[in-house]
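Colleague: I would like to learn how to read a model like this one. Could we go through it feature by feature?

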Amino acid sequence: MSKFSLRKLSATVAAPAVAGVMALSTIAGAPAASAQQLPSLDQLTAQAQQQLDNFHGQTRDQAWQTRNDILDQAEKYTPELVPNVQSAVDSALEFLFPGLVAQKNEEARQAREAAERAHAQQIAEEKAKAEEAARRAEEQRRANQFDRGSCPADAKICVDLDGRRTWLQEGGDVSYISPSMSAGMVGEETPRGTFHVNRKVKDEISREFNNAPMPYSIYFTNNGHAFHLDNTNVDSNGCVHLPYDAAVRYWNDVQIGDKVYIY
């Protein structure tokens with residue numbers, strides 16, 4: 001005996017809904033059939049009852065997949081009827097699996113929003129990469145036109161105290177230009193000349209000045225002179241202050257023993 005009787009469903013919702021879907025399925029499977037070859041109403045009703053039984057034997061996910069297969073078939077053969085077919089099938093599903101349609105629609109909404117967020121993130125990442133490439137290209141253009149002054153080709157770090165400039169070199173070519181810098185104040189000037197990096201301390205502090213932070217310190221004398229992260233709007237007590245990006249770049253690129261030229 002069937003698990004569900006069509007008479008127990010609304011005559012204007014469940015039975016016509018599934019019967020209509022089954023008719024669509026039958027017609028779609030044989031599009032060239034003549035009117036005399038179409039199934040009778042009794043046959044459609046029996047097929048509808050079988051479809052309801054099939055839904056009953058399925059899990060909620062299986063029933064949802066069956067629903068989507070029916071709609072795909074409708075879209076393929078009679079797209080103009082898809083809204084009516086969907087309404088009919090969803091009505092039958094709601095009777096047999098209460099809340100399933102709302103649940104799946106919510107899951108689809110969340111999936112769409114997740115896909116939109118992922119797409120937006122991808123666009124943002126691609127934009128950031130393009131902007132970074134443009135920045136590097138501009139940096140290289142500036143480097144090619146940059147006045148290296150008297151800094152020798154074999155120096156890794158160059159500092160022009162009067163011009164308040166500092167940059168990195170690689171094999172004589174300018175590889176990075178710090179956007180800003182500051183050096184020693186009057187009476188505590190940064191020494192000029194040729195030096196070599198002798199020590200690096202990433203989380204350095206200045207015991208001489210009340211444990212003031214000196215992150216990314218790169219020492220080039222034995223008297224406490226170093227390149228490090230600090231406010232470039234303020235003159236130092238002999239060190240070379242660098243903004244954050246430059247301090248990190250210097251820290252990553254400069255090694256102990258590299259030549260420092262300050263003029």
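Modeller: Gladly, and let us begin with a cysteine link. Cys151 and Cys158 are joined by a left-handed link, with -70° about the S-S bond. A disulfide here is a pair of cysteine sulfur atoms within 2.5 Å, and in this pair the sulfur atoms are 1.8 Å apart. Please keep in mind that this is a predicted model, where local features need pLDDT of at least 70 and side-chain atom pairs count only at pLDDT 80 or more, while totals for chains, interfaces and linings use all residues. Residues are numbered from 1 along each chain as its sequence is written, and side-chain values use heavy atoms, with hydrogens and water left out.

Colleague: How many disulfides does a search of the whole structure find? And are Cys151 and Cys158 buried or exposed?

Modeller: The search finds one disulfide. As for exposure, buried means under 20% relative accessible area, exposed over 50%, and partly exposed in between, using a 1.4 Å probe and protein chains only. Cys151 and Cys158 are both buried.

Colleague: Which residues touch the most other members of the largest nonpolar core?

Modeller: The general idea comes first: in soluble globular proteins, nonpolar side chains tend to be buried together. A nonpolar core is a set of buried Ala, Val, Leu, Ile, Met, Phe, Trp, Tyr and Cys residues joined through side-chain atoms within 4.5 Å. Here the largest one has 22 residues, and Ile157, Phe227, Tyr250 and Val260 touch the most other members. Helix 6 gives the largest share of this core, four residues. Another core, of 10 residues, lies apart from it and includes Cys158 and Val174.

Colleague: What does Phe227 touch?

Modeller: Contact means heavy atoms within 4.5 Å. Setting aside residues up to four places away in sequence, Phe227 touches a group that includes Ile157, Tyr216, Leu242, Tyr250 and Val260.

Colleague: Which residues does the UniProt annotation "active site" cover?

Modeller: That annotation, from an unreviewed entry, covers His228 and Cys239. UniProt positions are given in the numbering used here, feature names are shortened, and annotations may be inferred rather than shown by experiment. The lining of the largest pocket includes both His228 and Cys239. On a 1 Å grid over the protein atoms alone, a pocket is an open set of points where a 1.4 Å probe fits, with protein on both sides within 12 Å along at least five of seven lines; lining residues have an atom within 4 Å of a point.

Colleague: Where do His228 and Cys239 lie?

Modeller: Helices (H or I, at least four residues) and strands (E, at least two) are DSSP runs, numbered from the N terminus. His228 lies in strand 7, residues 226–229, and Cys239 is in the loop between strand 7 and strand 8. His228 counts as buried because its relative accessible area is 3%, and Cys239 is buried at 11%. The contacts of His228 include Cys239.

Colleague: Why does Asp253 count as partly exposed?

Modeller: Asp253 counts as partly exposed because its relative accessibility is 25%. Asp253 is in helix 6, and a polar contact of 2.7 Å joins its side chain to that of Arg249. A polar contact is a pair of N or O atoms within 3.5 Å; within protein, one must be able to donate a hydrogen and the other to accept it, and residues adjacent in sequence count only if both atoms are side-chain atoms.
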